[in-house]
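Please keep the structure in view while reading.

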Amino acid sequence: MSSDSAASRRRLAVLISGSGTNLQALIDAQNTPALPDTSIVLVLSNRKAAHGLVRASTASPPIPTAYLALQPYLRHNPGKTREDYDLELARIVLRAQPDVVVLAGWMHIVSELFLEALRGSQRIEDESQGPGEKNSNDDENPVSISPIPVINIHPALPGQFDGANAIQRGYEAFQRGEVDRLGVMVHRVVAEVDRGEPLIVREVPIEKGESIEVYEEQLHRVEWEIIVQATRKVLDEVKPLPPEGIDSV
C-alpha cells in the first residue's frame, strides 16, 4: 500500500441522538470487508446524554465527538435562529472533511440550508476563525469542493410512515389490519422528511399478536445490516476503491 493510503481512506461522519446501536454497527464494520478502507472521523450528537457518544469515545481507536443542541445554542446565542444552528452543524461536519454523512438515529430534521452547505452551494463563514483570518482549506469557509451525500435510516417502508415514532405507528397499523407489511429503509436525505431516493429497502417479518418488543428487535437487526450496506454503496459511488492490487495515488 502506498505511503499516502491513510490520506486516501474513506471518511464518515455519523450524526446521532440516542443509544447509538446503528452507529455501533458502523463502528464494527469500519475497515472490514463490509466497509473497507473506511474510518468514522466524527460522531456528532444533538443530545448531550446520548450513549452513542460513549460508544464513539471508547472505540478503538477513539472516534472524535461533538455535541450541539438546538435550544442551548439559541439560549447562548441571542438573535440566532434555527437556520443559524443548522449552519453551525454544517460547519462542524465540514471541518471533519467526510466523504459521506450518515444520519443514524438523528432526531432533528435537517434543513435545506444544511444540505446546501454540504453540497457546496451554500457559502458559510467559519466562525472559528478570527476577523481577517483564512481557513486553510478554503479562502472563506470549510465547504468541500465535492458535494457530500447525506443518507438516513428510517424504520418504515418508502412513503409508509414518514417522520417520528414510525416503529410504534407501523406496529399499531399492522395490528389493526391497516397495512400488511412493514420494513425499514436507508434513503438519500432531501429537505422533505423521509422522501429521498431509497438506497436499500428491506421488509421485516411481523405476526398478528406479536409484541412490539419482538418486532422492534427484529427491525433493529435488519437496520444494523442495511445501514452498513447502504453506506458502502454510497462510498463506492463518491470514493471508489482502487482495483485490487493497485495502490491509491
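A crossing of two helices is left-handed if the near helix is turned anticlockwise from the far one by less than a right angle, and right-handed if clockwise. By this convention, H5 passes H6 in a right-handed crossing. Helices (H or I, at least four residues) and strands (E, at least two) are DSSP runs numbered from the N terminus.

The model is predicted: local features need pLDDT of at least 70, side-chain atom pairs count only at pLDDT 80 or more, and totals for chains, interfaces and linings use all residues. Residues are numbered from 1 along each chain as its sequence is written, and side-chain values use heavy atoms, with hydrogens and water left out.

In the protein there are eight helices and seven strands. Of its 249 residues, 47% are buried, that is, under 20% relative accessible area, with exposed meaning over 50% and partly exposed in between (1.4 Å probe, protein chains only).

Helix H5 (residues 82-95) packs against helix H6 (residues 112-119) at an angle of about 30 degrees, their axes lying 8 Å apart. Axes are lines fitted to C-alpha atoms, for helices over the stretch in contact, and angles run from 0 to 180 degrees between N-to-C directions. Angles under 35 degrees count as roughly parallel, over 145 as roughly antiparallel, 65 to 115 as roughly perpendicular and the rest as oblique; H5 and H6 are therefore roughly parallel to each other. From H5, Glu83, Asp86, Leu87, Leu89, Ala90, Val93 and Leu94 meet Leu113, Phe114, Ala117 and Leu118 of H6, where contact means heavy atoms within 4.5 Å.

Histidine 154 belongs to strand E5 (residues 150-154) and is buried, with a relative accessible area of 4%. A polar atom of the histidine 154 side chain lies 2.7 Å from the backbone oxygen of phenylalanine 161. Beyond its neighbours within four places in sequence, histidine 154 is in contact with residues including Phe161, Asp162, Val184, His187 and Asp194.

Most residues other than glycine have a negative phi, and most peptide bonds are trans. Asparagine 31 has a positive phi, near 60 degrees, and is partly exposed, with a relative accessible area of 39%. Asparagine 31 sits in the loop between helix H2 (21-29) and strand E2 (38-45). Aspartate 37 lies in the loop between H2 and E2 and has a positive phi of about 50 degrees. The peptide bond from serine 60 to proline 61 is cis, with omega near 0 degrees; proline 61 is located in the loop between helix H3 (51-57) and strand E3 (65-67).

How values were computed:
Polar contact = N/O pair within 3.5 Å; in protein donor to acceptor, adjacent residues only side chain to side chain.
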